[in-house]
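User: I would like to go through this structure term by term. Please set each value against its cut-off.

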Amino acid sequence: MEGTPKNRIMDADGIRRAISRISHEILEKNQGTKDLVLIGIRTRGVPLAERIKERIAEFEGVSIPLGLLDITLYRDDLSTIDIQPVLHETKVPFSLDGKIVILVDDVLFTGRTVRAALDALLDLGRPSKIQLAVLVDRGHRELPIRADYVGKNVPTSSREIVSVCLEETDGSEEVFLQEKK
C-alpha cells in the first residue's frame, strides 16, 4: 500500500471484539437467526462474514448460510480500474428470496461499493431485507447509504486511507490509517 503508516485504529483484539459485538447486534435486531443469511463482499468482507458466521454459531448453536459476492462488473468505475478487470467467483448457493441478507464489508467510504453490491444481490433474488455490516465506517459518503452494524466509526480526511489487514488475506491482523502520497 502506498504511503506510510499513520496510526493503528484496531489491533487483533479490537477486531475480535468488534466482530463479536456486530454478531450480537445482528441477532438482537433480527430476534435470532430465522431467515438470516450472510453475504461477504470480496475481498475482505468474506473473511469478516465467515467470522460473524462463526460467532453466531457459538452464540446460538445455529449455522447460517454464507455467500461470497464479487461486485467487479457492477462497479461504476470499472472503466477506470483496468482494461481487463480480474473477476472472482460469486458463490451464493441458496435462494435470497424472502431472506434477511446481512451484507458484510471491511470499510464503508463513499457508498459506491455497497451500491454495486446491492445491484448484484438484486440480480440474484428478492430478499425481504438487506442490512449492512462493516468493520470500519470512515464517512465521506457520496451516496445515501449507511451501515446497520459498525465495528468502529473513524473520522478521516480525504487525504487518508483506512487499511484493513486480516490474517486470511494479508497475514496480519490490524486496521490503520495512512496518508496518501
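**Cores, a helix and salt bridges**

Analyst: The largest nonpolar core holds 29 residues, and Ile102, Leu135 and Val175 touch the most other members. This is a predicted model: local features need pLDDT of at least 70, side-chain atom pairs count only at pLDDT 80 or more, and totals for chains, interfaces and linings use all residues. Residues are numbered from 1 along each chain as its sequence is written, and side-chain values use heavy atoms, with hydrogens and water left out.

User: What makes a set of residues a nonpolar core?

Analyst: The members are buried Ala, Val, Leu, Ile, Met, Phe, Trp, Tyr and Cys residues, joined through side-chain atoms within 4.5 Å. Buried means under 20% relative accessible area, exposed over 50%, and partly exposed in between (1.4 Å probe, protein chains only).

User: What does isoleucine 102 contact, leaving aside neighbours within four places in sequence?

Analyst: Its contacts (heavy atoms within 4.5 Å) are Ile26, Asn30, Leu36, Val37, Leu38, Ile39, Gln131, Ala133 and Tyr149.

User: How does the reach of H4 compare with the expected span?

Analyst: The expected span is 1.5 Å times one less than the number of residues. H4 (residues 112-124) has 13 residues and reaches 19 Å from first C-alpha to last, close to the expected 18 Å.

User: Why are the buried residues of H4 said to line one face?

Analyst: Val114, Ala116, Ala117, Ala120 and Leu121 are buried. Seen down the axis of H4, they fall within an arc of 155 degrees, so they line one face. The arc is taken from the directions from the helix axis to the C-beta atoms. An α-helix has 3.6 residues a turn, so residues three or four places apart point the same way. The buried residues of H4 pack against strands S2 (36-41), S3 (66-69), S4 (100-108) and S5 (129-137). Exposed Leu122 and Asp123 sit on the face turned away from the buried side.

User: Why is the pair of arginine 51 and glutamate 168 called a salt bridge?

Analyst: The term needs a side-chain nitrogen of Lys or Arg within 4 Å of a carboxyl oxygen of Asp or Glu. Here N to O is 2.6 Å, so the pair qualifies. Arginine 51 lies in helix H2 and glutamate 168 in helix H5, so the bridge ties together parts 117 residues apart in sequence.

User: Are these two residues buried, partly exposed or exposed?

Analyst: Arginine 51, at 12% relative accessibility, counts as buried. Glutamate 168, at 44%, counts as partly exposed.

User: How many salt bridges are there in the whole structure?

Analyst: The search finds twelve. One of them joins arginine 44 and aspartate 170 at 2.7 Å, N to O. Arginine 44 lies in the loop between S2 and helix H2 (45-60), aspartate 170 in helix H5 (residues 167-170), 126 residues apart. Arginine 44 is partly exposed at 24%, and aspartate 170 is partly exposed at 31%.

Methods. Helices (H or I, at least four residues) and strands (E, at least two) are DSSP runs, numbered from the N terminus.
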